[in-house]
Amino acid sequence: MEPLQLGVLAALTPADIEIKMYDDRLESIPFDEPADLVAITVETFTACRSYEIAAAYRAAGNPAQILMGGMHVTLLPDEAKAHADSIMTGDAEDKWSEMIDDLRCGRLKPRYDCAPVAVPQKGILTRRDIYEGKKYLPITLLQFSRGCRYNCRFCASSVFFKQHQYTRPVEDVVAEIKSQKRKTLFFVDDNIVADREKAKELFRALIPLKVKWVSQGSIDMLADDELMRLMVKSGCMGNVIGFESILSESIAEMGKGVNRGYMANRYADAIEKLRKYGLQTWAAFTVGHDTDTAESILETCRFARKNKFTFAAFNILMPYPGTPYYEQLKEEGRLLYDGKWWGHPDYRFNHASFQPVHMTADELTQAAFRCRKSFNSIGSVISRAFERRTNMRNPYRFMTYLIYNPLFRREVFEKQGMTFGYGEK
Ligand code: SF4
C-alpha cells in the first residue's frame, strides 16, 4: 500500500525542493544518487532494514545527510541517532520546515523533537504524485485522526500519542478525497471511532461523496447505533477490530477495558450486530497472553472460523519498546533476543520474542502459525465466503472477499520467518 507518511512529508516540503521517493519494498534504491538529504521513516519492524539503508548510503560514498523519523525513532531516539546524522521525534509537521531551513543553511541539527500537533496535516493535502508508477493496491490511504484515547498495555500508538486522539478538520479530509480520483479509501487511523461525535461529523460529510471505505476501530463503536448507521451510510465496508482474545482474563491482563463489556457471551452480541450492519470485519487477535495455552490459541482460531470473519490476524503479542507490556516482560526477565527483537540477527518475523507462561516461545510461534494457516486454508476461505449478510451481501463485497483472501493466504507463507534486514553492506 502507498506509504502515506511519505506523501505527507512531500506535501510539507517547499515546492522548490526536488523530491524522489523510493519504496524499499518494491524497488532497489540507488544509494549513489546525489542528494542533499535522505529521509527515512522508521517503524519498529523496519528499524533493522532502515539502519542497513543508512549504512548503504554511507558505504556508497554518498555525502547526503541522513535524517530518521517515525514511531520507532520516537520510542528509541538514542538507538536511531547512532545510525543517522539527525533524528526527528514526534509528528513531523511541527519542525519539518525548520529542519529544511537548517538544511539549506548547512546547519542541520542533530535532533528535532516535535511537539504534538493539535491538528494533524492542517490545510495539507497528501502529495500523491510521488506514488505514480509504483505498483500499489488501488486504494487511497488517508487519515482523519492520529492516536487513541485508550491505553491498552501493548499499544505503541498509545505511548506515541500519550492517550490522545488528534483529528483533522472534516473539511480538510473532504478536500483531500476530492483532490484524488479513487472512490475506495482506507482511513489508516489508530481508532477512527475513539471520539464518536467527531467520527459522526466525518461520516455525515462522507455521505454525499459516495465513497467506499475501510478503517480501524474499537469494538465499543457498537454501543452507539447512530454512529453505526452513519458509518454504514457513509460507505463503510468494514473495520479492523481488535478482539485480541476470547478469554476475559487476557483482556483484563492487557488493559483492553474497551472490550470488557462484550465478553459476557464471547462477543456473540457484538458479532451479530456487526453482521446486522453488514460490515466485513477484519478480526485482530493477539496470542501469547499469560493465560493462553496452545489449546486456547487454537480455540481462538476455531472461534474466528466459526464466526466467518472476512479476514483475521493472529498476531503474537509484540513487546514494543516503551510500552507498559515491554517494561513488564523486562522486569520479569522474559524478553528474548536481548530485549531487542527488532534488531537481533536471529529474530525472524512472526516469531515469539518473549518467554510465554504456559508454553515455550517456539510452541507459541507454531501455534500462531497454525492459526494463520487454518484460518486461511482453502476450506476455510470457501466456508467463510457463505456469510450472506457480510461477505455475500452484494457482488462488490463478494469480489472484495475473493480478491483479498488469496492475497492474505499467500502472505501467511511468504512472511513467516522472514528476516528484517537483507544484510546489505
Ligand atoms: S484501542 Fe487500539 S489503538 Fe486504542 S490503545 Fe487499544 S490497541 Fe491502541
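Which residues does the UniProt annotation "domain: B12-binding" cover?

**View 1. The annotated B12-binding stretch of the predicted model.** According to the unreviewed UniProt entry, the annotation "domain: B12-binding" covers residues 1–110.

**View 2. The aromatic pair of Tyr325 and Phe354.** The structure holds 33 aromatic pairs, and one of them is formed by Tyr325 and Phe354, whose ring centres are 6.0 Å apart and whose planes stand at 80°, so the pair is edge-to-face. Because Tyr325 lies in helix α14 (residues 324–331) and Phe354 in the loop between α14 and α15 (361–375), the pair ties together parts that are 29 residues apart in sequence.

**View 3. The crossing of helices α16 and α17.** Two packed helices are described by the angle between their axes and by the distance between those axes. The axes of α16 (residues 378–385) and α17 (residues 395–415) come within 11 Å and cross at roughly 160°; since angles over 145 degrees count as roughly antiparallel, the two helices are therefore roughly antiparallel to each other. Their crossing is right-handed.

**View 4. The residues in contact between α16 and α17.** On the α16 side, Ile378, Ser380, Val381, Arg384 and Ala385 take part, and they meet Phe398, Tyr401, Asn405 and Arg409 of α17. Sorted by class, this contact has 5 nonpolar, 2 polar and 2 charged residues.

Terms used
Residues are numbered from 1 along each chain as its sequence is written. This is a predicted model: local features need pLDDT of at least 70, side-chain atom pairs count only at pLDDT 80 or more; totals for chains, interfaces and linings use all residues. Side-chain values use heavy atoms; hydrogens and water are left out. UniProt positions are given in the numbering used here, feature names are shortened, and annotations may be inferred rather than shown by experiment. Axes are lines fitted to C-alpha atoms, for helices over the stretch in contact, and angles run from 0 to 180 degrees between N-to-C directions. Helices (H or I, at least four residues) and strands (E, at least two) are DSSP runs, numbered from the N terminus. Angles under 35 degrees count as roughly parallel, over 145 as roughly antiparallel, 65 to 115 as roughly perpendicular and the rest as oblique. A crossing is left-handed if the near helix is turned anticlockwise from the far one by less than a right angle, and right-handed if clockwise. Contact means heavy atoms within 4.5 Å. Ala, Val, Leu, Ile, Met, Phe, Trp, Tyr, Cys and Pro count as nonpolar, Asp, Glu, Lys and Arg as charged, and the others, Gly among them, as polar. Rings of Phe, Tyr and Trp (its six-membered ring) pair if their centres lie within 6.5 Å; planes under 30 degrees apart count as stacked, over 60 as edge-to-face and the rest as tilted.
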